[in-house]
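Subject: Structure for your review

Dear colleague,

Please find below the structure that I am handing over to you.

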Amino acid sequence: MTRILFRVDAGNNVGLGHLQRCLSLASTLARNGLVCEFLSSGEFEVQKRISDSGFHSHILQDEPLGSNAECEQVIRIASQRNCGMIVVDSYHVWGAYLQSLRDSGAVLVSIDDSAKFASPAHLIINGSVHAKSLSYTSIYPQTELLLGPEFSMLREEFFNIELKQSTDVVTQVLVTMCGADGMNLTPIIIKLLDGISGDFHVTVVVGPFFRNVSNVYESAEQSSRNVNLIREPVNLKDLMAKADIAISAGGQTLYELAVTGTPTIAIRVADNQIDQMAEFGRLGTIAPLGFTDSDQLNSDLYDVINQ
C-alpha cells in the first residue's frame, strides 16, 4: 500500500491555505486507498485540523524552515513510516532541499506556485488560475506538470456545485479574511460596511489564527447592522451559497468563491497573490484591491461597493 508524507507550511504566520489544499488532496487520495500522513507546525490549530480530517500527524522540529536539519527530519520520518512519496507545499524550500528528498529514493511531488527555480521534482502541481503563464523549468526531462485551475485542490464539499443565480439586490455580505487576518482588516471592513447604504446583513468568518478577535467583536457590537460572527466554521460552502457578495483575502478562498459563483471583492494581503488576483480580475470573477493603509482601503472598498 502506498504511503504518502505531506510536508506542509501552516500556522499563525502562514495561514491555512497550504494545509487546506493538501488536506483536500489527501482526502481524495485516501478515498482511493492511499495512506496519507502530515508533517507540519506543532501549533494546536494546525494539529487539530489534521487530526479532525482523519490523518496521522508529525510535528516539525524547531529548526529553520527549509534548512538542512529540517530536510533531514523529513527524510527520516518518510523512511521510518515507509512513505514512498513526499508531497511538499512550502515557500521556504529550494532546489537543493528538494533534490535531497528525491535522492532519498522517494517519489517527489512539489506544489509550486512560483516557478522560481529549476525543480528536481517528479511532479509539479500549480492549480492557480495564472499557472500556465509561469515559466517552469526542471532538472529532469521526465518531470510532469499539472498546471491551471482544473488542478485546483478543493474540498469535496465544493465538487459538482451548481452556480447560483446572480442578483442586483444585495441582502447578504460575507467577510472572510482566511485563517489569520494578520493585517487586522476584518474590523476595518465591518466599520466600512456600517457606513454603506442598503438593507443587508453581514456574516464574518473568524479564523483559527486571528489575533484580533477582541477587535473584531468590538467592531461587530458597535455596528448598527446585524453582524453575525462565525468562529472557525466547518463548512464554508453554505455561507458562500447564501452570500450575494463576498469580501475576501486574495488567497486560496478565491477558488472556492469562484466555484460557488459568488461575486467577490478580493484584497491582496501578500505579494504572492498579485498574479492570481490580476488573472481573476481579468476573467471578471473578482474586483481586485491592493492594500496600502486603512484610509486607502476604506476609499477603495467604498468606491467598488457603490459602483
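Where is the place of valine 93? Valine 93 sits in the loop that lies between strand E4 (85-89) and helix H4 (95-103). Please keep in mind throughout that this is a predicted model.

Is valine 93 buried or exposed? Its relative accessible area is 6%, and buried means under 20%, so valine 93 is buried. If neighbours within four places in sequence are left aside, the residues in contact with valine 93 are Gly66, Val88, Leu98 and Phe117. Serine 27, by contrast, is 66 residues away along the chain, and 24 Å separates the C-alpha atoms of serine 27 and valine 93.

The seven-stranded sheet

Strand E4 belongs to an open sheet of seven strands with parallel pairing, in the order E3-E2-E1-E4-E5-E6-E7. At the edges are strand E3 (56-59) and strand E7 (144-147), each of which pairs on one side only. On average, and with direction ignored, neighbouring strands of this sheet are turned by 20° against each other.

Helix H2 (residues 44-52) packs on this sheet, where it touches E2 and E3, and its direction makes about 155° with that of E3. Helix H4 lies across E1, E4 and strand E5 (107-111), and runs at about 150° to E5.

Why is strand E1 described as largely enclosed by the rest of the structure? Strand E1 covers residues 3-8, and five of its six residues are buried, so the strand is largely enclosed. Strand E1 and strand E2 (residues 35-40) run parallel and are joined by five bridges. Within this pair, leucine 5 stands opposite glutamate 37 of E2.

Further along the sheet, four bridges pair strand E6 (residues 123-126) with E7 in the parallel sense. Here isoleucine 125 has leucine 146 of E7 as its bridge partner.

The six-stranded sheet

There is also an open sheet of six strands, with parallel pairing and the order E10-E9-E8-E11-E12-E13. Its edge strands are strand E10 (227-231) and strand E13 (286-289), each pairing on one side only. From one strand to the next, the twist averages 15°.

In this sheet, strand E11 (residues 245-249) runs parallel to strand E12 (residues 264-267), and four bridges join them. Serine 248 has alanine 266 in E12 as its bridge partner. Helix H9 (residues 274-283) lies across E12 and E13 and runs at about 140° to E13.

The cavities

Rolling a probe the size of a water molecule over the atoms shows where empty space is left. How many cavities of 30 Å³ or more are there? The count comes to two.

The largest cavity has a volume of about 60 Å³. Among the residues that line this cavity are Arg21, Ile111, Asp113, Asn126, Met153 and Tyr255. By class, its lining consists of three nonpolar, five polar and two charged residues.

The second largest cavity holds about 30 Å³ of space. Its lining includes Leu254, Leu257, Ala258, Phe280 and Ile286. Helix H8 (residues 253-260) provides the largest share of this lining, with three residues. By class, the lining has five nonpolar residues, three polar residues and no charged residues.

Yours sincerely,
A colleague

Methods
Residues are numbered from 1 along each chain as its sequence is written. This is a predicted model: local features need pLDDT of at least 70, side-chain atom pairs count only at pLDDT 80 or more; totals for chains, interfaces and linings use all residues. Side-chain values use heavy atoms; hydrogens and water are left out. Two strands pair if DSSP finds at least two bridges between them. Helices (H or I, at least four residues) and strands (E, at least two) are DSSP runs, numbered from the N terminus. Axes are lines fitted to C-alpha atoms, for helices over the stretch in contact, and angles run from 0 to 180 degrees between N-to-C directions. Contact means heavy atoms within 4.5 Å. On a 1 Å grid over the protein atoms alone, a cavity is a set of points where a 1.4 Å probe fits but cannot get out, and a pocket is an open set with protein on both sides within 12 Å along at least five of seven lines; lining residues have an atom within 4 Å of a point. Grid points are joined across faces, edges and corners, and a volume is the space filled by probe spheres set on the points. Ala, Val, Leu, Ile, Met, Phe, Trp, Tyr, Cys and Pro count as nonpolar, Asp, Glu, Lys and Arg as charged, and the others, Gly among them, as polar. Buried means under 20% relative accessible area, exposed over 50%, partly exposed in between (1.4 Å probe, protein chains only).
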